[in-house]
Amino acid sequence: GPGQQIGYPAVVLCETLSLRESPNSYSRAIQTLFYGETPIVVGADRPVGPMEENGFVYFPLDDSEDSPSCWINADYIIINPSWYVTERSKPVYAWNDTEAPKVALLDSGARFPILREEGDWYVISLRGAVGWIQKD
């Protein structure tokens, strides 16, 4: 019904990701998504999570009933992510050590999906790579 969740939010973690006609890498590409886009994968009403087959998750192209449907390789997205939002400039390190090389400096208000937490650190997706941010 109206206002009911129909899927799980996801985030694209690679530069480009093909939406496929069927759940395999050999099927025809229908459309391309880009890093940071947030598709909604279907299956929120399922107790086990998104509809998945052969490592691909189901994705309708729009909200209409006759919308073409397609499949996204689940290896290149994170489903229902937590987000890290910077409150001030924040360094990103190559690994979980402040003596590690800095790989980026995030501006205040930057938003990145958290891939996992390890102790006092977040591992974030950084345009197809990963980086480590020390928790505040």
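**Before starting.** This is a predicted model, in which local features need pLDDT of at least 70 and side-chain atom pairs count only at pLDDT 80 or more, while totals for chains, interfaces and linings use all residues. Residues are numbered from 1 along each chain as its sequence is written, and side-chain values use heavy atoms, with hydrogens and water left out.

**Stop 1: the sheet.** Select β4, β1 and β8, which form an open sheet of three strands in the order β4-β1-β8, with antiparallel pairing. β4 (40-42) and β8 (77-79) are at the edges and have a single partner strand each, so one side of each has no neighbour in the sheet. From one strand to the next, the twist averages 40°; axes are lines fitted to C-alpha atoms, for helices over the stretch in contact, and angles run from 0 to 180 degrees between N-to-C directions. Strands here are DSSP runs of E with at least two residues, numbered from the N terminus, and two of them pair if DSSP finds at least two bridges between them.

Now select residues 7-12, which are strand β1; three bridges join β1 to β4. One to look at is G7, whose bridge partner in β4 is V42.

**Stop 2: the cores.** Select V12, L17, L19, V41, I72 and I77, the residues with the most contacts inside the largest nonpolar core, which has 13 residues. At least two residues of this core come from each of β1, β2 (16-20), β6 and β7 (69-73). β1 gives the largest share, three residues. A second, separate core has eleven residues, including V92, A110, L126 and I133. A nonpolar core is a set of buried Ala, Val, Leu, Ile, Met, Phe, Trp, Tyr and Cys residues joined through side-chain atoms within 4.5 Å. Buried means under 20% relative accessible area, exposed over 50%, and partly exposed in between (1.4 Å probe, protein chains only).

**Stop 3: N54.** Select N54, in the loop between β5 (52-53) and β6 (56-60). Is N54 buried or exposed? Its relative accessibility is 61%, so N54 counts as exposed. The N54 side chain reaches the backbone oxygen of P23 at 3.3 Å.

**Stop 4: N73.** Finally, select N73 in strand β7. With 15% relative accessibility, N73 counts as buried. A polar atom of the N73 side chain lies 2.9 Å from the backbone nitrogen of D75. Apart from neighbours within four places in sequence, N73 is in contact (heavy atoms within 4.5 Å) with S25, G55 and F56.

Note on methods
Helix = DSSP H or I, 4+ residues; strand = E, 2+ residues; numbered from the N terminus. Polar contact = N/O pair within 3.5 Å; in protein donor to acceptor, adjacent residues only side chain to side chain.
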